[in-house]
Amino acid sequence: MLDLWQYEFMRYALIAAVCTGLAAPAIGTYLVQRRLALLGDGIGHVALTGVAVGLLTGWAPLNTAVVLAAAGAIAIELLRSYGKTSGDVALALMFYGGIAGGVLLTAEAGQSAATLNTYLFGSITTLEPGDLRDIIILSVVVLVIAIGLSPQLFAICQDEEQSRVSGLPARAYGVLIAALAAVTVTVSMRTVGLLLASALMVVPVATAQQFSRSFKATFVLAMGIGVVASVAGVAVSFEANTPSGPTIVLLALAGFVLAAPVGAVLAWRRAKLAPFDQAARPPDHDLAEEHPHEHGPGCGHPAVPHGDHVDYVHGGHRHAPHGPHYDEH
Amino acid sequence: MTPPAVLVEDVSVVLSGRPIVRRVGLRVRAGEFVTLLGANGSGKSTLVRSVVGLLPPASGTIELFGTPLHQFHDWRRLGYVPQRSTAQSGVPATVLEVVTTGRLSRHRFIGWPTRADRRAVNEALEIVRLADRGRDSVAQLSGGQQQRVMIARALASHPDLLVLDEPTAGVDQASQNVLADVFSDLSARGTTILLVAHELGPLAPLVDRSIVLRDGRIVFEGDATQAVLDLGLGEHHLHEGPAPPGIPLADDASWGQGRA
């Protein structure tokens, strides 16, 4: 790892990897909680059109991508919250429009598919100091909001209606989450690429859930997994000379594949250990009525072995000797 | 004189062009326990969703504690339990985390839970008899226990008015009995309760007044057991014959106002 630090481009790459590794799962946790895991994917496609606009006009692709991605994400959120379109159809429209627009405009700009590829699948080793500065600033903004407003954002993702009745600005905060997701996707554009940015938002959360019982633990663990996958991915891609984006995502997925069986075992053990609902448990000590004689061999009541003792059948029910009295069994 | 906790006057609610609630009037006095009964599709859920501000009425006025709903901002006085079969979302969450969101009417825009919030959350969990389950994931609880979590969440802000949408639907007998105890405690403390239900079960003796809706109109108001006997609640049948006395028939001309 230390020898990677010698190269300036690798220093930039590792810093960018830490930024995206933290920011993407932070906002991704809220998306998964709202069951909008695929929103990041839709945003990535729209951001592609944004990049193409940048290539065509000569503006910085990162800026045009942020603006267009945020506009698309907010549009989806508003369509969803006012119930005009079902979420999955709105997402599908974003997927197709974004990628078609991106490819068309890039061709218009006279750029090759190779240029587009650096945005689609990341090109972390070609970062300029200006790119790195933007990535750091945007990641810090995402993290400060995702952590600072976590009680409110958790509440609206947990139960939007209930939070509206509590007086929370649920719609505004829903739009904020969508906008932050758009910023995160564009921040991840250079590390994992637009088409894989969503993976870094969702896969660490899915992995963290295998072990966690609380939202807080899921949130923190997902960020940790995101950083480990991103930094390890950058290192591996340098050593093995593989593209950084797919390497990071495959490492994150490998983590999930390893975690899933462990999670299944943990869930199974928890289910086994879970005590019965106290209120639902029948009284475990049910005294039999007064009984005139002691049960024993030859008392006239049929004896039935029952676990570690013998019950005596007594008029349609069973008596089990217990100290000086009988229990109903 | 204290204003009624809930005042609904001549309210109609229209959903995608269909009238669901038709010119309903309703008054719940402070401290009263009122249930809204009716078959599926009778409009009872829609009516309470309007009362808590989730659905704007097409016409009529709604007041909470004497304040018109659009000017009402004292959200911590209102606790709401939406109609849900589960308190789960896409990410695991503990009982404490879910119930703590009920305190956010005090930190609506920003702010983390304080010591007072944690105390209120623990009290709310004690009221619903789940104090020992705070650190468990809600996914581990039974359906009835999850309903109690949602009630604790509504109680965490110490509301004066509790509005519950079918909290007893699909709940096991043990949890129903716990809920009956909880409502009886709350009523004794002076909390106003407006509860939507299919059937009352063990709650029947606690209820002050029952209101029965059918096709978006109030068809009965009074003693709950009487309502069940008179109206054959829960059965789906067309209401034939004249409306009960005292209930105005909706004149269809007034419906045009609510539509585009």
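**Figure 1. Asp3(A) counts as exposed, with 8 C-beta neighbours inside 10 Å.** The view comes from a predicted model, in which local features need pLDDT of at least 70, side-chain atom pairs count only at pLDDT 80 or more, and totals for chains, interfaces and linings use all residues. Residues are numbered from 1 along each chain as its sequence is written, while chains are lettered from A and ligands numbered from 1 in the order in which they are written. Asp3(A) has its place in helix 1 (residues 2-5) of chain A, where helices (H or I, at least four residues) and strands (E, at least two) are DSSP runs numbered from the N terminus. Between Asp3(A) and Thr247(A) there are 244 residues of separation in sequence and 20 Å in space, C-alpha to C-alpha. Chain A as a whole holds 13 helices and 4 strands, and 47% of its 329 residues count as buried.

**Figure 2. Helix 7 (residues 129-148) and helix 10 of chain A pack at an angle of about 145°.** Two packed helices are described by the angle between their axes and the distance between the axes; for helix 7 and helix 10 of chain A that distance is 10 Å. The axes are lines fitted to C-alpha atoms, for helices over the stretch in contact, and angles run from 0 to 180 degrees between N-to-C directions. Helix 7 of chain A passes helix 10 of chain A in a left-handed crossing, a term for a near helix turned anticlockwise from the far one by less than a right angle, with right-handed for clockwise. On the side of helix 7 of chain A, the residues Ile135(A), Leu138(A), Ser139(A), Val141(A), Val142(A), Ile145(A) and Ala146(A) meet Leu180(A), Val183(A), Thr184(A) and Val187(A) of helix 10 of chain A. Contact requires C-beta atoms, placed from the backbone, to lie within 7 Å. The residues of this contact between helix 7 and helix 10 of chain A divide into 9 nonpolar, 2 polar and no charged, where Ala, Val, Leu, Ile, Met, Phe, Trp, Tyr, Cys and Pro count as nonpolar, Asp, Glu, Lys and Arg as charged, and the others, Gly among them, as polar. Helix 10 (residues 170-188) of chain A is mostly covered, with 16 of its 19 residues buried. From first C-alpha to last, helix 10 of chain A reaches 27 Å, close to the 27 Å expected at 1.5 Å a residue, the expected span being 1.5 Å times one less than the number of residues.

**Figure 3. Four strands of chain B form an open sheet in the order 2-1-4-5, with antiparallel pairing.** Strands are said to pair if DSSP finds at least two bridges between them. At the edges are strand 2 and strand 5 (67-68) of chain B, each of which pairs on one side only. Helix 1 (residues 44-51) of chain B packs on the sheet and touches strand 1, strand 2 and strand 4 (59-64) of chain B, its direction making about 120° with that of strand 1 of chain B. Strand 1 (residues 6-15) of chain B pairs with strand 2 of chain B over 7 bridges in the antiparallel sense, and 5 bridges join strand 1 of chain B to strand 4 of chain B, also running antiparallel. Val8(B) has Leu26(B) in strand 2 of chain B as its bridge partner, Val13(B) stands opposite Val21(B) in strand 2 of chain B, and Glu9(B) stands opposite Thr61(B) in strand 4 of chain B. Strand 1 of chain B is mostly covered, 7 of its 10 residues being buried.

**Figure 4. Positive phi values are found in chain B at Ser16(B), Arg23(B) and His158(B).** Most residues other than glycine have a negative phi. Strand 1 and strand 2 of chain B form a hairpin with 2 residues between them, and Ser16(B) in the turn has a phi of about 40°. Arg23(B), with phi near 45°, lies in strand 2 (residues 18-28) of chain B and is buried, with 21 other C-beta atoms within 10 Å. His158(B), with phi near 55°, is found in the loop between helix 4 (143-155) and strand 7 (161-165) of chain B, and counts as partly exposed, with 17 C-beta neighbours inside 10 Å.

Notes. A residue is buried if 20 or more other C-beta atoms lie within 10 Å of its own, exposed if 12 or fewer, and partly exposed in between; C-beta atoms are placed from the backbone. Two residues are in contact if their C-beta atoms, placed from the backbone, lie within 7 Å.
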